[in-house]
Amino acid sequence: MEKERHIAVWDNCLRIIEQNIEPQQFATWFKPIKAVSLVGSTLTIEVPTDYYRSYLESAFLDILSRTLRRELGSGAKLRYRISPVQGQASMTIEGAEGLASTNKPISVPSHVASGKPGVVFQEYRKLQIDPRLNPEYRFSTLVDGECNHLGITAGKDIAQKPGKTPFNPLFIFGGPGLGKTHLAQAIGNSIKEQHPELTVLYVTGNEFKTQYMDAVFTRNKLTDFLGFYMQIDVLIVDDIQDLLGQGNQTAFFNIFNHLHQNSKQLILTSDRAPKDLSNFEERLVSRMKWGLSVELTHPDYNTRLDMLRRRCQLEGLVISDDVLQYIAMHVKNNFRELHGALVSLMANATFTHRDVTIGLAASIIDNIVGEEKNELSIDKVQLTVCDYFKISREDLVSNSRKRQIVQARQISMYLCRKLIDGCSLAAIGAQTGGKDHSTVLHSCSIVSDLMSTDKVFKQYVTDIQGILAPVSK
């Protein structure tokens, strides 16, 4: 029986690769890979984890690219499918080559002294510009939530029609670790995939400033510096707040004007809104407000939990949902801290040969976020109730009518109102699956009534209150 084409193509690739790398490397990194499909010139292969994919691209990208092109032609692309974990759906990720992460050479002006005083010749030279985009930053690895939905939606629109939407410039702002760089580069990578003919460049505010200073102190190079940036089709400037100094702001103002007037796309990120950019020229700030300003906010609980589940799936990690829920409840500031908590948890479990438990997660989180142990919160009450009744937080905040879950939900509302100073009915309801204040009030009333008539139920409430007592003092 003739092999299916995708298997035959991958087998041919393996034969070539095996002849060009060490036997142990081939056995470790290539034998476990399975060919999944071949659509046009795009081959999809299945790998165990995202780390596995990342290592393949860092160590073997050159031979992978050359072998695929030999088998499928110059338009060959590679996709990875991450093996599913715990019954979850598999994930498909574009390979580095599939992102078309190189720019075509462009002609840039260069001014050369003739040897005669005051005489300068202008010539053009071909230049290969590295877009400087991280292939890890893609829309497929972004978790879409209320905190970033507008930015992702606008970014996908821009990627389809760069420079031709009302979102020019796109100004992304927010605190550290909220995904500004990830979103900005995801747009750049998507543009390169859909429009490989466009020249994309990612640069930080500090890098732009340093390049400007180098150009100023080198004869005839300031004009070259401006000419270079004016050839870019999509300019991404990260941490624009670092662009301090009148000279480089004037240079950027001229570049901005030229690119915008020629329908080139500008994407800027900052740790503050345009109106809060102090020590910036007013004319430059006003241009930053021309397009769309998007604030990335702190992720809510559901988005944090989705992010943790996604990372586990990408990395091939098996962690119980109760532990992930605990992390999501207690690490609230940003995605960077969430990922750091997950990495630290797995490292500690691996190196100390301990099981991944809520107790281990609690000790890790205390070191990362420095949460005050004496601070009682709705999250802590809910977690304690969930542990007591051996249910998940998802069940607790759901609309389930199972008797045990309903009782646990009502007890958590009652204890939140009783033990947390200044905790409003609305706040309790919002963190209990979006219940309204009348539902919270009714639940508290039911708990009070049952405690006076049902000794077993009263013991439940007393036990949980005793667990929380050291915290609530």
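Is cysteine 416 buried or exposed? Cysteine 416 is buried because its relative accessibility is 1%, where buried means under 20% relative accessible area, exposed over 50% and partly exposed in between (1.4 Å probe, protein chains only).

The model is predicted: local features need pLDDT of at least 70, side-chain atom pairs count only at pLDDT 80 or more, and totals for chains, interfaces and linings use all residues. Residues are numbered from 1 along each chain as its sequence is written, and side-chain values use heavy atoms, with hydrogens and water left out.

View 1. Cysteine 312 is buried, at a relative accessible area of 4%. The number of disulfides (pairs of cysteine sulfur atoms within 2.5 Å) in the structure is 0.

**View 2. The largest nonpolar core.** A nonpolar core is a set of buried Ala, Val, Leu, Ile, Met, Phe, Trp, Tyr and Cys residues joined through side-chain atoms within 4.5 Å. The largest one has 30 residues, and Tyr229, Leu235, Ile240 and Phe252 touch the most other members. Elements giving two or more residues to this core include strand 7 (170–173), helix 6 (205–216), strand 9 (234–238) and helix 8 (246–261). Helix 8 supplies the largest share, 6 residues. Helices (H or I, at least four residues) and strands (E, at least two) are DSSP runs, numbered from the N terminus.

**View 3. Surroundings of leucine 235.** Setting aside neighbours within four places in sequence, leucine 235 is in contact (heavy atoms within 4.5 Å) with residues including Leu201, Val203, Tyr229, Phe252 and Ile267.

**View 4. Aromatic pairs.** A pair of aromatic rings is described by the distance of the centres and the angle of the planes. Rings of Phe, Tyr and Trp (its six-membered ring) pair if their centres lie within 6.5 Å; planes under 30 degrees apart count as stacked, over 60 as edge-to-face and the rest as tilted. The structure has 15 aromatic pairs. In one of them, phenylalanine 208 and phenylalanine 252 are edge-to-face, at 5.6 Å centre to centre and 85 degrees between the planes. Phenylalanine 208 is in helix 6 and phenylalanine 252 in helix 8, so this pair ties together parts 44 residues apart in sequence. Phenylalanine 208 is buried, with a relative accessible area of 1%, and phenylalanine 252 is buried at 0%.

**View 5. Charges over rings.** A charge sits over a ring if NZ of Lys or CZ of Arg is within 6 Å of the ring centre and within 35 degrees of the ring normal. The charged end of arginine 283 is over the ring of phenylalanine 253, 3.8 Å from its centre.
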